Amino acid sequence: MKKLQGAHLRKPVTPDLLMTPSDQGDVDLDVDFAADRGNWTGKLDFLLSCIGYCVGLGNVWRFPYRAYTNGGGAFLVPYFLMLAICGIPLFFLELSLGQFSSLGPLAVWKISPLFKGAGAAMLLIVGLVAIYYNMIIAYVLFYLFASLTSDLPWEHCGNWWNTELCLEHRGSKDGNGALPLNLTCTVSPSEEYWSRYVLHIQGSQGIGSPGEIRWNLCLCLLLAWVIVFLCILKGVKSSGKVVYFTATFPYLILLMLLVRGVTLPGAWKGIQFYLTPQFHHLLSSKVWIEAALQIFYSLGVGFGGLLTFASYNTFHQNIYRDTFIVTLGNAITSILAGFAIFSVLGYMSQELGVPVDQVAKAGPGLAFVVYPQAMTMLPLSPFWSFLFFFMLLTLGLDSQFAFLETIVTAVTDEFPYYLRPKKVVFSGLICVAMYLMGLILTTDGGMYWLILLDDYSASFGLMVVVITTCLAVTRVYGIQRFCRDIHMMLGFKPGLYFRACWLFLSPATLLALLVYSIVKYQPSEYGSYRFPPWAELLGILMGLLSCLMIPAGMLVAVLREEGSFWERLQQASRPAMDWGPSLEENRTGMYVATLAGSQSPKPLMVHMRKGTSAGGLLYARMTVSAVCIRSTDKMLPCLQGAHSSAETCLGDFKPEICGEEVTAVG
């Protein structure tokens with residue numbers, strides 16, 4: 001009898017389901033919240049990191065060539081139009097996703113778990129790109145060290161790697177200027193230095209027989225990975241400081257190269273060739289597609305880097321302003337780089353007595369053959385060569401930081417309790433693994449593998465990922481919800497321009513790019529070498545693998561749910577219960593629950609005990625509107641009942657209340 005009285009007088013025990021984090025004590029908090037994720041330590045860290053990520057090698061060696069081959073100055077019309085339709089809206093969308101959730105490319109798909117495969121596809125793409133991108137940085141380091149001499153090694157013929165076809169491309173002068181050179185059947189010293197000495201491509205019979213490892217390239221690649229690892233050692237806290245130099249110093253060097261270039265004789269010839277408008281090109285669909293491709297790849301949308309950087313922002317960071325600063329700054333940088341490149345090419349064409357189009361190239365051919373050759377024609381050529389390659393190094397490192405930080409952040413956000421305390425070790429293991437996978441690029445035939453990776457790793461697969469992301473956010477999650485989330489962060493909702501682009505214009509443009517890339521498919525080639533069919537098939541499978549991850553992720557998400565197929569599909573497409581801002585003070589509106597008698601809104605922690613074989617606890621966080629809870633006639637009475645189980649209450653609780661969908665997932 002006394003025992004019964006004691007039990008009756010004992011203080012009531014609050015059920016687990018009603019307990020907020022502050023009510024549960026330190027034990028549950030330690031279990032439920034992971035270690036500190038980290039944030040940017042300075043006001044400009046995020047902005048400079050985004051600028052460094054977007055302004056990369058493509059601004060120097062792709063945009064100028066695309067501009068002059070697609071109408072010169074007229075190319076700027078479709079370029080800026082595609083920037084407005086496709087570039088700026090998608091850039092803002094990816095930043096908004098990352099900042100609102102403070103999650104990486106995998107965990108951010110709590111917004112709609114059905115599409116988590118898109119996050120996995122992002123990681124595959126960025127991983128493949130990071131492997132070969134660092135090899136390009138290794139080439140830059142090779143040339144940087146080679147410039148530390150009184151005479152550049154690619155200036156003259158007569159070296160052991162030169163052939164009988166080598167000819168020093170220097171025009172002889174007469175009274176009226178340079179005599180034209182007959183460049184037919186000849187090779188410049190810089191071209192043979194690149195192909196026969198740096199690459200040693202003559203030691204390979206093709207992509208199927210890569211040959212031996214070039215140990216000088218192997219060491220340069222090792223140095224590149226060591227630099228990257230040291231800069232991301234402490235995550236954004238360390239890389240955010242490095243970008244103060246790597247994101248700003250290239251502009252100083254670019255300005256020096258621009259001033260030097262425009263003061264050279266013949267510079268105006270190259271600039272005129274670069275910018276002379278040819279408006280008839282605008283009638284060609286190819287020009288518009290090229291402009292969209294340049295915008296798409298230059299801004300780095302879909303790789304996860306922007307999302308990752310934004311996830312380390314404070315919740316109310318003005319990413320709307322930052323979007324316009326970065327995207328317009330990227331476009332202006334590309335145009336300025338074109339002046340710096342073509343002013344030197346104009347001088348080079350005058351010296352050789354040949355048209356500009358015979359010396360202009362794109363990609364590695366510009367960076368490692370044409371521009372180094374132009375440097376040999378300048379006084380103090382080693383100095384200008386060193387500056388040029390140092391600029392390429394800083395441009396490349398910024399993008400590589402983003403690639404690695406994306407991979408590390410995505411995986412650690414998935415397994416925070418295991419990997420966040422060991423983030424340095426995990427980052428080191430990622431760098432070692434990618435270095436080992438990139439060793440094939442240091443062989444005699446490594447350039448063939450680099451071309452294959454460049455052509456297929458981030459081609460149609462990346463477009464499919466971005467299209468899926470855009471449709472999942474605007475159509476499945478809902479454009480109204482997404483705009484409401486942005487309003488929580490920035491204090492205003494995106495206008496009609498952004499909504500129209502997210503709903504129609506941007507997906508349609510990307511779909512047109514995808515169709516064009518498939519219809520106009522051309523097999524890979526390097527110079528006169530044509531890739532064998534098995535290599536083409538390998539490249540296509542590489543691109544398809546990233547696409548297949550999306551339906552594979554959908555299948556996994558559906559199988560994890562219960563009920564009929566349609567019910568599973570609906571549950572998997574709804575946001576997870578813990579979707580929303582990561583900090584409690586930022587969870588307002590539908591992301592908080594105000595319980596009866598509480599003084600402040602707090603997230604409602606749902607602790608459901610399930611009788612699993614492991615006997616463990618299933619933890620989830622459910623956030624519902626305070627108004628909705630107070631108007632629910634079943635939820636609170638059920639939870640307040642002394643003998644009601646959490647599972648019974650959740651079964652009685654109707655999520656479709658107050659027009660909001662509230663889901664409960666394990």
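This is a predicted model: local features need pLDDT of at least 70, side-chain atom pairs count only at pLDDT 80 or more; totals for chains, interfaces and linings use all residues.

**Helix packing and the nonpolar core**

The crossing of α8 and α16 is right-handed. These two helices, α8 and α16, have axes 8 Å apart and pack at an angle of about 140 degrees. For the label "roughly antiparallel" an angle has to be over 145 degrees, and α8 and α16 are therefore oblique to each other. On the α8 side the residues involved are Ser 190, Glu 191 and Trp 194, which meet Pro 364, Phe 368, Val 369 and Gln 373 of α16. Sorted by class, this contact of α8 with α16 comprises four nonpolar residues, two polar and one charged.

The protein has 666 residues, of which 57% count as buried. Its secondary structure consists of 27 helices and eight strands. If we take the contacts with a separation of 6 or more, 80% of them are accounted for by residues 24 or more positions apart.

The axes of α7 and helix α23, residues 533-559, come within 7 Å and cross at roughly 160 degrees. That angle makes α7 roughly antiparallel to α23. The crossing of α7 and α23 is right-handed. From α7, the contact is made by Gly 117, Ala 118, Ala 120, Ala 121, Leu 124, Ile 125 and Leu 128, and from α23 by Met 542, Leu 545, Ser 546, Met 549, Ile 550 and Gly 553. By class, the contact of α7 with α23 has 10 nonpolar residues and three polar ones, with no charged residues.

Which residues touch the most other members of the largest nonpolar core? They are Tyr 139 and Leu 392, in a core of 197 residues. Helix α7, spanning residues 116-146, supplies the largest share of this core, namely 23 residues. As for Leu 392, once its neighbours within four places in sequence are left aside, this residue is in contact with Leu 57, Val 60, Val 140 and Ala 367.

Helix α20, residues 446-456, also deserves a word. Nine of its 11 residues are buried, and the helix is mostly covered. The buried residues of α20 are Gly 446, Met 447, Tyr 448, Trp 449, Leu 450, Ile 451, Leu 452, Leu 453 and Tyr 456.

I will finish with backbone geometry. Most residues other than glycine have a negative phi. The place of Leu 380 is in the loop between α16 (364-375) and α17 (381-414). Is Leu 380 buried or exposed? The cut-off for exposed is over 50% relative accessible area, so Leu 380, at 64% relative accessibility, counts as exposed.

Thank you for your attention.

Note on methods:
Residues are numbered from 1 along each chain as its sequence is written. Side-chain values use heavy atoms; hydrogens and water are left out. A nonpolar core is a set of buried Ala, Val, Leu, Ile, Met, Phe, Trp, Tyr and Cys residues joined through side-chain atoms within 4.5 Å. Buried means under 20% relative accessible area, exposed over 50%, partly exposed in between (1.4 Å probe, protein chains only). Helices (H or I, at least four residues) and strands (E, at least two) are DSSP runs, numbered from the N terminus. Contact means heavy atoms within 4.5 Å. Axes are lines fitted to C-alpha atoms, for helices over the stretch in contact, and angles run from 0 to 180 degrees between N-to-C directions. Angles under 35 degrees count as roughly parallel, over 145 as roughly antiparallel, 65 to 115 as roughly perpendicular and the rest as oblique. A crossing is left-handed if the near helix is turned anticlockwise from the far one by less than a right angle, and right-handed if clockwise. Ala, Val, Leu, Ile, Met, Phe, Trp, Tyr, Cys and Pro count as nonpolar, Asp, Glu, Lys and Arg as charged, and the others, Gly among them, as polar.
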